[in-house]
Amino acid sequence: MSDILAEAERLCAQAGVRLTPLRRRVLDLVARAGGPVKAYDLLSQIDRSRTNAKPPTVYRALDFLMEAGLVHKVEALNAYVACPQAGHGHAAVLYVCERCASVSEVLGARPGQENKPKGFKVKRSVVEHYGVCAKCAQNAAS
Ligand SMILES: [Zn+2]
Ligand SMILES: [Zn+2]
């Protein structure tokens, strides 16, 4: 069992929610992708005859995983990435490379906590930065 799945089991048990086989499978696929992956691609990888996973089921599983802080949605790419540190507080700062579409997450930032409207409870935040990653910048220079 990979670290991310073990960590997911732990976090879900802690939160009193269930990591169903489908949620687990979706998380595993996102983690294995090693980069942003679209819901459609996830769906095609899931054995539908066995799990009876219809598109809404996969979207619900993704919603659950986002709520749990296990995956983040990259709005610009309409794709999902696994969080390198699950359950870090649901605020993600993502750096998206416009050339290779790689996504890096920076941990420790707390976007949306400053200057928020009084009494507003932030459920999840994602800040996306666009540019060129070091690898692509190097490739362009050489
Ligand atoms: Zn994260
Ligand atoms: Zn790049």
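Strands (E, at least two residues) and helices (H or I, at least four) are DSSP runs, numbered from the N terminus.

This is a predicted model: local features need pLDDT of at least 70, side-chain atom pairs count only at pLDDT 80 or more, and totals for chains, interfaces and linings use all residues. Residues are numbered from 1 along each chain as its sequence is written, while chains are lettered from A and ligands numbered from 1 in the order in which they are written.

## Overall layout

- The chain holds 6 helices and 5 strands.
- From the N terminus, the order of elements is α-α-α-α-α-β-β-β-β-β-α.
- The chain has 142 residues, and 25% of them count as buried.
- Take the contacts between residues at least 6 apart in sequence: 51% of these join residues at least 24 apart. A contact here means two C-beta atoms, placed from the backbone, within 7 Å.

## Strands 1 and 2

- Strand 1 (residues 71–74) pairs with strand 2 in the antiparallel sense, over 4 bridges. Pairing requires that DSSP finds at least two bridges between the strands.
- K73 stands opposite Y80 of strand 2.

- Axes are lines fitted to C-alpha atoms, for helices over the stretch in contact, and angles run from 0 to 180 degrees between N-to-C directions.
- Strand 3 (residues 91–97) and strand 4 run antiparallel and are joined by 4 bridges. V93 has V106 of strand 4 as its bridge partner, and L94 has E105.
- Strand 3 and strand 5 run parallel, with 7 bridges between them. A91 has S125 as its bridge partner in strand 5.
- Strands 3 and 4 form a hairpin with 5 residues between them. In the turn, A101 has a positive phi of about 60°.

## Helices 1 and 2

- Two packed helices are described by the angle between their axes and the distance between the axes.
- The axes of helix 1 (residues 3–15) and helix 2 (residues 21–33) come within 10 Å and cross at roughly 145°.
- I4, L5 and A8 of helix 1 meet R24, L27, D28 and A31 of helix 2. These contact residues divide into 5 nonpolar, no polar and 2 charged.

## Nonpolar core

- The largest nonpolar core has 29 residues. Such a core is a set of buried Ala, Val, Leu, Ile, Met, Phe, Trp, Tyr and Cys residues joined through C-beta atoms within 7 Å.
- Helix 1, helix 2, helix 5 (55–67), strand 1, strand 2 and strand 3 each give two or more residues to this core. Helix 5 gives the most, with 5 residues.
- The residues with the most contacts inside the core are L27, V30, L65, L70, V71 and A82.
- Residues up to four places away in sequence aside, L65 touches R23, V26, L27, L70 and V71.

## Two contrasting residues

- L42 belongs to helix 3 (residues 39–45). L42 counts as buried because it has 22 C-beta neighbours inside 10 Å.
- Neighbours within four places in sequence aside, L42 is in contact with V26, L29, V37 and V58.
- L42 and R25 are 17 residues apart in sequence, and their C-alpha atoms are 9.4 Å apart.
- P56 lies in helix 5. P56 is exposed, because 8 other C-beta atoms lie within 10 Å.
- P56 and L43 are 13 residues apart along the chain, with their C-alpha atoms separated by 10.0 Å.

Conventions
A residue is buried if 20 or more other C-beta atoms lie within 10 Å of its own, exposed if 12 or fewer, and partly exposed in between; C-beta atoms are placed from the backbone. Ala, Val, Leu, Ile, Met, Phe, Trp, Tyr, Cys and Pro count as nonpolar, Asp, Glu, Lys and Arg as charged, and the others, Gly among them, as polar.
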